Amino acid sequence: QVHLVESGGGLVQAGGSLRLACTASGSTFIINAMAWYRQSPGKERELVAVHGEGDKIEYSDSVKGRFTISRDITKSEVYLQMNSLKPEDTAVYYCSGGLWRTNYVPATRWGQGTQVTVSS
């Protein structure tokens with residue numbers, strides 16, 4: 001199994017920035033990609049960004065141009081740099097490890113998540 005621990009959330013004003021980090025441990029050889037999801041109250045969990053092998057990266061339209069995902073494979077870590085934050089970015093952010101070929105498919109249990117709150 002793969003164990004995920006997220007960190008870096010907090011409270012920030014609109015227009016501000018935050019950087020999230022996630023460390024994976026355990027059987028990380030089963031995954032070839034890592035991703036960030038988020039979930040707001042009353043909404044379904046949304047895929048925000050995926051980082052696969054090499055430079056294979058995708059973002060949701062809602063964060064494209066504002067968020068940057070990066071990955072340190074040697075440390076089994078993935079990061080999410082969030083700039084120009086908006087109140088609608090408020091959510092619990094979750095890290096995920098999975099397989100990405102045609103589509104990204106999560107293959108790990110969810111971590112505890114980290115709360116991001118953007119005030120207007």
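**Entry 1: strands and the loop of Ser84**

I began with the term strand: strands are DSSP runs of E with at least two residues, numbered from the N terminus. The model I consulted is predicted. With that term settled, I located Ser84 in the loop between S8 and strand S9 (91–100). I then looked up the backbone of Ser84 and found phi near 50 degrees, a positive value in a residue other than glycine. I noted this angle because most residues other than glycine have a negative phi.

Is Ser84 buried, partly exposed or exposed? I recorded a relative accessible area of 40% for Ser84. Buried means under 20% and exposed means over 50%, so Ser84 is partly exposed.

**Entry 2: Ser76**

Next I turned to another serine with a positive phi. For Ser76 I found phi near 55 degrees. I placed Ser76 in the loop between strand S7 (67–72) and strand S8 (77–82).

**Entry 3: the disulfide**

How many disulfides does the structure hold? I found one. I reminded myself that a disulfide is a covalent bond between the sulfur atoms of two cysteines. Here the bond joins Cys22 to Cys95, with an S to S distance of 2.1 Å. About the S-S bond I read -80 degrees, and the link of Cys22 and Cys95 is left-handed. Because Cys22 lies in strand S3 and Cys95 in strand S9, the pair ties together parts that are 73 residues apart in sequence. I also checked burial and found that both Cys22 and Cys95 are buried.

**Entry 4: the nonpolar cores**

I then examined the largest nonpolar core, which has 24 residues. Which of its members touch the most other members? I listed Met34, Trp36, Phe67, Leu80, Met82 and Tyr93. At least two residues of this core come from each of strand S1 (2–7), strand S3 (18–26), strand S4 (33–39), strand S5 (46–51), S7, S8, S9 and strand S11 (114–119). S3 gives the largest share, four residues. Apart from this core I found another, of seven residues, including Ala33, Ala35, Tyr37 and Val50.

**Entry 5: the surroundings of Phe67**

Finally, I looked up the contacts of Phe67, leaving aside its neighbours within four places in sequence.

How values were computed:
Residues are numbered from 1 along each chain as its sequence is written. This is a predicted model: local features need pLDDT of at least 70, side-chain atom pairs count only at pLDDT 80 or more; totals for chains, interfaces and linings use all residues. Side-chain values use heavy atoms; hydrogens and water are left out. Buried means under 20% relative accessible area, exposed over 50%, partly exposed in between (1.4 Å probe, protein chains only). A nonpolar core is a set of buried Ala, Val, Leu, Ile, Met, Phe, Trp, Tyr and Cys residues joined through side-chain atoms within 4.5 Å. Contact means heavy atoms within 4.5 Å. A disulfide is a pair of cysteine sulfur atoms within 2.5 Å.
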